[in-house]
Amino acid sequence: MNNQKKFSKIYDQYIDKIYRFVFLKVSSQETAEDICSEAFTRVWQSMDKGTKIENPQAFVYQIARNLITDHYRQNSKIKLVSIDNCKEIQDNQPNLEEKSLLMSDINEVKLALNNIKPEYQDIIICHYLDDLSIPEIAEIMNKSQGTTRVMLHRALKALRVVVNEA
Amino acid sequence: MTEKELIKKIKELQQIKPSKDWVILTKEKILSKPLVNEKPASITIGERFSNILSVFNVKPFLKPALATAVCFCFLIGVFSFAQNALPGDLLYSVKKIAEQAKISLASETEKPKVQLELTQKKLDELTKIAEENKGKNLASAVQEVEKAMKDTAKSLKKVAIAGNDGEIAKEIKEKFEAIEKQQETAEEILGIKIDSEEYDESKNSYYKILVEREIKELKDRALNPEQEELLKEAKELFDNGNYQEALAKIFILSY
């Protein structure tokens, strides 16, 4: 199988999961698309360099996680400027679609997810949404299986607290 | 909210999916991106040559023969093309290789003749450069003429001592005269003096040895009164140091 076919297989298999994983962490469709695109570009480049990817799933998730970290790091450096100097700044108010989503239960959990530790977010998304097993998550997060199991338990507890408080 | 209900709600988030158009477009975009590390597959010279040969669609066992033929044709092409090169040109060294090969293959008696032909060629090149006003080639061309003359002088010395037959001597004399005229023309056009001292000396001593030997041989031969007269004139010219003219007289009476 040539590199292009290998990449296509990985892309088709993981694009939905990675997109969802990223989207739930950044809460912006545009940013999620950019990060996903960059993550898969890096996978493609690594394959071209001849890097042997033994676990494509862990590899893509790790890249995506690093890119999300970079995204938040960069955003923290953004300086605030006076609104008078940016008259054409984008309106950050939720649009109709987003408003309707806000009303739903889905959004309730989504908002709650954003209020727990990033590591807890990762573990919940990977396990309950992407149906990854504890060993698979442990590999992605570079943790032992025992630690991952404990973390999952704590993450779910933390999410419950946030949802119930809302 | 119980844990079970929470997990059910979390699972509802699975509805979040990227747009199908974006998924397809992004994949195409990634695959069409020129890669930073993209290098053309390294091909060995052999493979490259083999690829060229594949155009001819020949059987594998014929490929070495075809490769040799192609190389041969290429070399012939380069050598033919180099024949028009002038001193200072890129292909002139190729032309010189061919000239040196011609000299090496000539016999000792033929060598001065070949050298003289070469000197004539060099003088032709010099005249051509002067006529075409190719200033950058001029210095190299003059050097080439002088070198050819020196080489000719050396081979003349050898052949004058060893001696050669009358026919070759006659041809050499004709070439001497032709070169003299060419040299005069080139010097006139360029307004320079070609360093031909060694060549002139060799030419003179060649004439001297040749005339001396011929006179000696002719003394023992039965000559008619007309030939006797020519021999007498040749001797006088020889005694006066005019060897070229003396040789001319000898040629008249001998052939």
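This is a predicted model: local features need pLDDT of at least 70, side-chain atom pairs count only at pLDDT 80 or more; totals for chains, interfaces and linings use all residues.

**Stop 1: colour by confidence.** Colour chain A by pLDDT. The average for chain A is 83, and 82% of its residues score at least 70. Now select residues 86-91 of chain A, where the pLDDT is below 50. Beyond near neighbours in sequence, that stretch has 2 contacts in the model.

**Stop 2: the inside of chain A.** Of the 166 residues in chain A, 33% are buried. What about contacts along the chain? Take those in chain A with a separation of 6 or more: 64% of them link residues 24 or more positions apart.

Stop 3: Next, select α2(A), residues 29-49, together with α3(A), residues 56-76. Their axes are 9 Å apart and the packing angle is about 130 degrees. Are they parallel or oblique? An angle of about 130 degrees falls between the 115 and 145 degree cut-offs, so α2(A) and α3(A) are oblique to each other. The crossing is right-handed.

Show side chains where the two helices meet. On the α2(A) side, pick out Thr31(A), Ile35(A), Glu38(A), Ala39(A), Arg42(A) and Val43(A). Facing them in α3(A) are Phe59(A), Val60(A), Ile63(A), Ala64(A), Leu67(A), Ile68(A) and His71(A). Sorted by class, this contact has 9 nonpolar, 2 polar and 2 charged residues.

**Stop 4: where the chains touch.** Bring chain B into view. Here 28 residues of chain A are in contact with 25 residues of chain B. Which elements of chain A give two or more residues to this side? They are α1 (3-26), α2 (29-49), α5 (105-113), α6 (118-129) and α8 (145-165). The chain A side divides into 15 nonpolar, 5 polar and 8 charged residues.

**Stop 5: one residue in chain B.** Finally, zoom in on Lys175(B), which sits in helix α8 (residues 166-190) of chain B. Is Lys175(B) buried or partly exposed? It has 18 other C-beta atoms within 10 Å, so it counts as partly exposed. Leaving aside neighbours within four places in sequence, Lys175(B) is in contact with Lys113(B), Leu116(B) and Gln120(B).

Methods: Residues are numbered from 1 along each chain as its sequence is written. Chains are lettered from A and ligands numbered from 1 in the order in which they are written. Two residues are in contact if their C-beta atoms, placed from the backbone, lie within 7 Å. Helices (H or I, at least four residues) and strands (E, at least two) are DSSP runs, numbered from the N terminus. Ala, Val, Leu, Ile, Met, Phe, Trp, Tyr, Cys and Pro count as nonpolar, Asp, Glu, Lys and Arg as charged, and the others, Gly among them, as polar. Axes are lines fitted to C-alpha atoms, for helices over the stretch in contact, and angles run from 0 to 180 degrees between N-to-C directions. Angles under 35 degrees count as roughly parallel, over 145 as roughly antiparallel, 65 to 115 as roughly perpendicular and the rest as oblique. A crossing is left-handed if the near helix is turned anticlockwise from the far one by less than a right angle, and right-handed if clockwise. A residue is buried if 20 or more other C-beta atoms lie within 10 Å of its own, exposed if 12 or fewer, and partly exposed in between; C-beta atoms are placed from the backbone. pLDDT is the predictor's confidence in each residue, from 0 to 100.
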